[in-house]
Amino acid sequence: MDSRIPRLRRKLARIPYAPNRSHSFGEERHEFRLGPRLTKGQADAFQAEHDVELPQPYRDFLTNVGGSGASPYYGLIPLKDCTLVTMNSRDASTGSRGFSRAYRPTRRGDLFLHVIERGCSDLVLIGITGPLTGRMLIGNADGFWGPNVSSAPDFLAWYERWLDHMAAGQDNLALELTSPQLRAHPIRQRLTRSP
């Protein structure tokens with residue numbers, strides 16, 4: 001088990017539910033509570049069924065902390081409901097890339113797992129294969145924007161950053177969960193301007 005797990009448990013226990021704190025349009029769904037942990041057998045079965053290996057920090061979280069619930073946006077999706085996706089080719093008109101559902105076995109492109117519900121066609125993903133294995137990405141399935149790769153090296157670092165920001169009273173926009181492009185977005189600047 002990753003040594004960061006006990007610290008994450010303590011931090012999460014100290015953050016009470018506060019409606020609309022993160023402006024994420026979904027925290028009322030999980031109310032900062034986690035669903036039951038997965039057994040190692042459940043994680044193994046998912047990996048075998050989909051012919052993938054979950055990044056160890058993400059797997060450690062699922063089996064030692066919680067299998068769904070408390071996270072940015074609408075919450076962690078239970079592993080059995082997570083879907084594998086591949087990144088589409090760059091759209092020449094927008095420069096962005098969308099995502100398409102992948103059905104294993106596939107060797108076309110790198111695989112990502114949709115792990116957090118963000119709403120509409122927006123996705124929070126973790127890299128499963130390829131150079132972004134273990135990294136968190138936020139993108140749009142239709143390629144309307146992004147994708148943006150988090151600077152956090154893995155799921156546990158990304159999740160702890162979120163907990164630290166929630167404990168400090170900062171909203172999801174302050175997390176800078178994505179690349180510098182999003183920080184410069186006009187909507188973000190409008191929302192974070194001082195009165």
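Colleague: How many of the residues of β5 are buried?

Modeller: In this predicted model, six of the six residues of β5 are buried, and the strand is mostly covered.

Colleague: Which strands pair with β5?

Modeller: For pairing, look at bridges and direction. β4 and β5 are antiparallel and share five bridges.

Colleague: What lies between β4 and β5 in their hairpin?

Modeller: Four residues separate the two strands, and G119 in the turn has a positive phi of about 105°.

Colleague: Why look for groups of buried nonpolar residues?

Modeller: In soluble globular proteins, nonpolar side chains tend to be buried together. Here the largest nonpolar core has 38 residues, and Y58, L79, L113, F155 and Y159 have the most contacts inside it. At least two residues of this core come from each of α1 (5-13), α4 (56-64), β4 (111-117), β5 (122-127), β6 (136-140) and α5 (155-167). The largest share, seven residues, is from α5. Another core, of six residues, lies apart from it and includes V85, F99, L125 and L137.

Colleague: Which residues is Y159 in contact with, leaving aside its neighbours within four places in sequence?

Modeller: Y159 is in contact with L8, L12, L34, F61, A70 and S71.

Colleague: Which residues of α1 are buried?

Modeller: For a helix, list the buried residues, then look down the axis. In α1 the buried residues include I5, L8, K11 and L12. Seen down the axis of α1, its buried residues fall within an arc of 125°, so they line one face of the helix. Their cover includes α4 and α5.

Colleague: How many salt bridges does a search of the whole structure find?

Modeller: Side chains of opposite charge can pair when their charged atoms come close. The search finds eight salt bridges. In one of them, R4 meets D2 at 2.9 Å, N to O, and both R4 and D2 are buried. In another, the closest N and O atoms of E160 and R7 are 2.6 Å apart. E160 lies in helix α5 and R7 in helix α1, so this pair ties together parts that are 153 residues apart in sequence.

Colleague: Which helices does the salt bridge between R59 and D44 link?

Modeller: The side chains of R59 and D44 meet at 2.7 Å, N to O. R59 is in helix α4 and D44 is in helix α3 (residues 40-50), 15 residues apart. R59 is buried, with a relative accessible area of 12%, whereas D44 is partly exposed, with 40%. Elsewhere, salt bridges that share partners join R7, K11, E160 and D164 into one network.

Key: Residues numbered from 1 in each chain as written. Predicted model: local features only at pLDDT ≥ 70, side-chain atom pairs only at ≥ 80, totals over all residues. Heavy atoms only, no water. Core = buried A, V, L, I, M, F, W, Y, C linked by side-chain atoms within 4.5 Å. Buried < 20%, exposed > 50% of the residue type's maximum accessible area, 1.4 Å probe, protein only. Contact = heavy atoms within 4.5 Å. Arc of directions from axis to C-beta. Pairing = 2+ DSSP bridges. Salt bridge = Lys/Arg side-chain N within 4 Å of Asp/Glu carboxyl O.
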